[in-house]
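The sequence and structure are shown first, followed by the points grouped by topic.

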2 protein chains.
Amino acid sequence: MTDAAEATAGRTGRRGRSGGGAARRAERSAVSVETARYIARNIPDFEVLDAAALEVIETNAETVLEEIGVVFSDNPEALELWRQAGANVTGDRVRIPRGLARKLCATAPARFTQHARNPERNVEIGGRNLVLAPVYGPPFVRDASGGRRYATIEDFRNFVKLGYMSRWLHHSGGTVCEPTDVAVNKRHLDMLLAHMTLSDKPFMGSVTAPERARDSVEMCEILFGKDFVAENTVMTSLININSPLTFDGIMMGALEVYARANQACIISPFIVGGAMAPVTVAGTLTQVLAEVLAGVAYSQLVREGAPVIVGAFVTSIDMNSGAPTFGTPEASLITYGMGQIVRRLGLPYRSAGGFCGSKLPDAQAGYESANSLQTGLMAGVNFMLHACGWLEGGLVASYEKFVMDADQLGALHQLAGGVDASTTGQAMDAIREVGPGGHYLGCAHTQENFKTAFWRSGLFDYKPFETWAEEGGRDTEALARAKVATLLETYRQPPLDPEIAQRLTDYVEAKKASMPDSFS
Amino acid sequence: MTDAAEATAGRTGRRGRSGGGAARRAERSAVSVETARYIARNIPDFEVLDAAALEVIETNAETVLEEIGVVFSDNPEALELWRQAGANVTGDRVRIPRGLARKLCATAPARFTQHARNPERNVEIGGRNLVLAPVYGPPFVRDASGGRRYATIEDFRNFVKLGYMSRWLHHSGGTVCEPTDVAVNKRHLDMLLAHMTLSDKPFMGSVTAPERARDSVEMCEILFGKDFVAENTVMTSLININSPLTFDGIMMGALEVYARANQACIISPFIVGGAMAPVTVAGTLTQVLAEVLAGVAYSQLVREGAPVIVGAFVTSIDMNSGAPTFGTPEASLITYGMGQIVRRLGLPYRSAGGFCGSKLPDAQAGYESANSLQTGLMAGVNFMLHACGWLEGGLVASYEKFVMDADQLGALHQLAGGVDASTTGQAMDAIREVGPGGHYLGCAHTQENFKTAFWRSGLFDYKPFETWAEEGGRDTEALARAKVATLLETYRQPPLDPEIAQRLTDYVEAKKASMPDSFS
């Protein structure tokens, strides 16, 4: 069964009804796509650092904080908070005595629930779990028919719809692409409205300015209710650190808004190794740890107990061209190592994604993305942004790659399940029944278990060569193109209280009317 | 530098000379391609089975051997050996008392050296090492210009040349494709001659009949010298078990030839889960363990101390079409689990490869192959057959995919190196030098280390979009096609004593003349 068929068959299975307008509306409101529960790992984490290396990196990170320090630019309130906490503040440089940042981090929760407007889509972030969210930030989109072009709000809505329809995607994400046809100072409103109305999965808030973070909170108060937002986490937003060792006032302003509202932030360096960090893995891990210790500690100075995720977006550079590279072994080693370090901090961990440098959803994209997705699962990542749709180093959101990656996410679910060693798993009856030289296709154990035994791609080609050739000899991009079309055609909007929908629309319209367009 | 440029620059760097015939011959004999040393892992193995699951599987495998037993068909000598060893033999069914097979396995070496005619290419199989060998067995080949077609001896020679030119490939393999234009009873001679003369990397012997195994040994005696072959392992050959639980006389006949000559065999079930084994991971591991225990034990009955590799070629089935699937999570779980089991046996382990089901070297091929290659490294595999060139479930050897996979094998080398926590690795001087808000491109540490810091693909596209578009917007297959052409154009045969070359040719001609062609 395809995702689309699953979607329309859905949980409530009201496919194919007909009737008047009222019946159609009733049917529409009952349709629901099936989304897998977030991954709860039943496999261990892969660890590349031995005890000595961990010790060295943790000690060095404290040395960096104490001797070199970090910069909080354009943010006198932050400097004051650090001073009060016992840091040594000179100008905008904050030097943090050994052990202080780690101590401050201890008040951040080890795990938290991010609520969705459909409670069945709530996600638990932390522990042994892995929550998957789509690509974030590309200014361009690509599809097989239209090629590469600037993204629009129409593209944005399409990607939200694809995310909603993707069985293995738990989270609607944030800036799935930049709607470049909407003013910079207003596009966050349209983006949030799309996540809130076209999907019922959890989503991210705006971080491009503190007032846009406030708008995000206010829109959530309409969607969830003011009391609910005061008591629960309903957004997880992405706060980037300006590596090396710099926290700019705008990003920190957004963090402050969210932390005060008890909303979650991913506090994440964005590092191209060799440019924003040393060319070595251990050196990069040291810097990343110093940065996230300072960032998480600051979130706790703003509000003790505010939920956070420790992020590590780290890739390497092609020293020939200066281009960032993806799906590389250095990135894997850093992702594994940072997983160990973050677990010792006792905090949720964000890293990895379906990363690639390729311009096309071709074999390079496949190799690089698979390397990166596998690494994310095995490294113990708790929140994986960019899990699907990422192309060309993140400059492009690809329609076809979105469904390719989203399909592979299903394989991660199965792999995370580990090995069933129950009596059914052991299958001794089957081995006895079949015996030497027999085959298992017809045996009782196979008949009872084959439907759930193997993960099956909903996209890839498994047909005999002749059938495949007769059907046009399509490559993965062509198969994905057809799947994108089917998903968008069969998409149905999840039900939402019309009054809330109206209030959200009114809010967006009023906000937009309150200020002139700005494109910078 | 491309592989081809590396190849011609080579270790002895005599590129671009000119002169008469003698000078050219001298030059040719000095040219050598650079091949990386086999991988010595500096990262741990990933383990999915807990102690209880391991115990259950090992106990169940002994139960299978004791209660169900295995079949040695058309092989009275094998039955006699088993009887003498204490097994319960009824007809061709061999029931092995609990613990006996494992005890017999104990005389097989934990690791061994496979010698190449160029001693720099010798490989150590076992321990923490990983040796990479190309695809084995496809009757078809595919390239971007000619499409899919039956393989010929010309294709075979081309793949041996590509393997020789591939920096990250340690082993020349065996049947890199089936030369279908040569008689079945003679093609092993042409294949061995190609491996022996067109490459100087280690290779595999023929297993399709006991007399062809004997021919393989005799040709090695010409290449290496009779005394050397008597004392050293110069071939590693692939012995498949007919799963479930059946050892046919022809394959065992080849094994017997090799074991008696102290040559290594991979003893390997070939399993499509759901058809030749149960649909569950634990059940499949149980059967595979029972099979390899019986197979390895038998090799030790033939000759105590004969070198072997425990194989596990396991994939799953698409229950809709019956087609085997590749790069799936079930295959990964089995590969990880079998790694644990084989390490407890103290024997070398063969599994994984660049597996895919795709008909084309497209994104599906990339995802599936990357999943499978990563798994092989992390699972502790010691010998990886099919590491490059595999397409369409192994029916096709793909020229383009060969160089794509071979390029990715470089990433495995880097990942296996783990994390350098030395003073250089820690890079504290760099972090101090650069400080908050700076960048690392020009700092002393980067200047000293950037050349070796990051693995760099010799194939993938890292260029800016505009440059890439101006150069034709090529996908990975097009890039690979160009690389194949360059490698084959710049290929130079490695030097070989002309007398040995003549004796090998004479041997092949005499053997061929001694029997009529057979195509069955």
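Six salt bridges are counted between chain A and chain B. The model is a predicted one. In one of these pairings, A:Arg432 forms a salt bridge with B:Glu67, and their closest N and O atoms are 3.1 Å apart.

**Interface of chain A and chain B**

- Polar contact across the interface is found for 40 residue pairs, with both residues at pLDDT 80 or more.
- Helix H13 (residues 363-378) of chain A supplies eleven residues, the largest share of the side of chain A that touches chain B.
- By class, that side of chain A consists of 53 nonpolar, 37 polar and 21 charged residues.
- The two chains bury about 9100 Å² between them, and 69% of this area lies on carbon and sulfur atoms.
- Chain A contributes 111 residues to the contact, and chain B contributes 110 residues.

**Helix H17 of chain A**

- Helix H17 spans residues 444-453 of chain A, and its buried residues are A:His445, A:Thr446, A:Asn449 and A:Ala453.
- Viewed down the axis of H17(A), these buried residues fall within an arc of 100 degrees, so they line one face of the helix.
- A:Glu448 and A:Lys451, on the other side of H17(A), are exposed.

**Packing partners of H17(A)**

- Within chain A, the buried residues of H17(A) pack against helix H14 (399-416), helix H15 (423-426) and helix H16 (428-434).
- The buried residues of H17(A) also pack against helix H12 (329-345) of chain B.

Methods:
Residues are numbered from 1 along each chain as its sequence is written. Chains are lettered from A and ligands numbered from 1 in the order in which they are written. This is a predicted model: local features need pLDDT of at least 70, side-chain atom pairs count only at pLDDT 80 or more; totals for chains, interfaces and linings use all residues. Side-chain values use heavy atoms; hydrogens and water are left out. Buried means under 20% relative accessible area, exposed over 50%, partly exposed in between (1.4 Å probe, protein chains only). Helices (H or I, at least four residues) and strands (E, at least two) are DSSP runs, numbered from the N terminus. The arc is that of the directions from the helix axis to the C-beta atoms. Contact means heavy atoms within 4.5 Å. Buried area is the accessible area (1.4 Å probe) that two parts lose on being put together, summed over both. A salt bridge is a side-chain nitrogen of Lys or Arg within 4 Å of a carboxyl oxygen of Asp or Glu. A polar contact is a pair of N or O atoms within 3.5 Å; within protein, one must be able to donate a hydrogen and the other to accept it, and residues adjacent in sequence count only if both atoms are side-chain atoms. Ala, Val, Leu, Ile, Met, Phe, Trp, Tyr, Cys and Pro count as nonpolar, Asp, Glu, Lys and Arg as charged, and the others, Gly among them, as polar.
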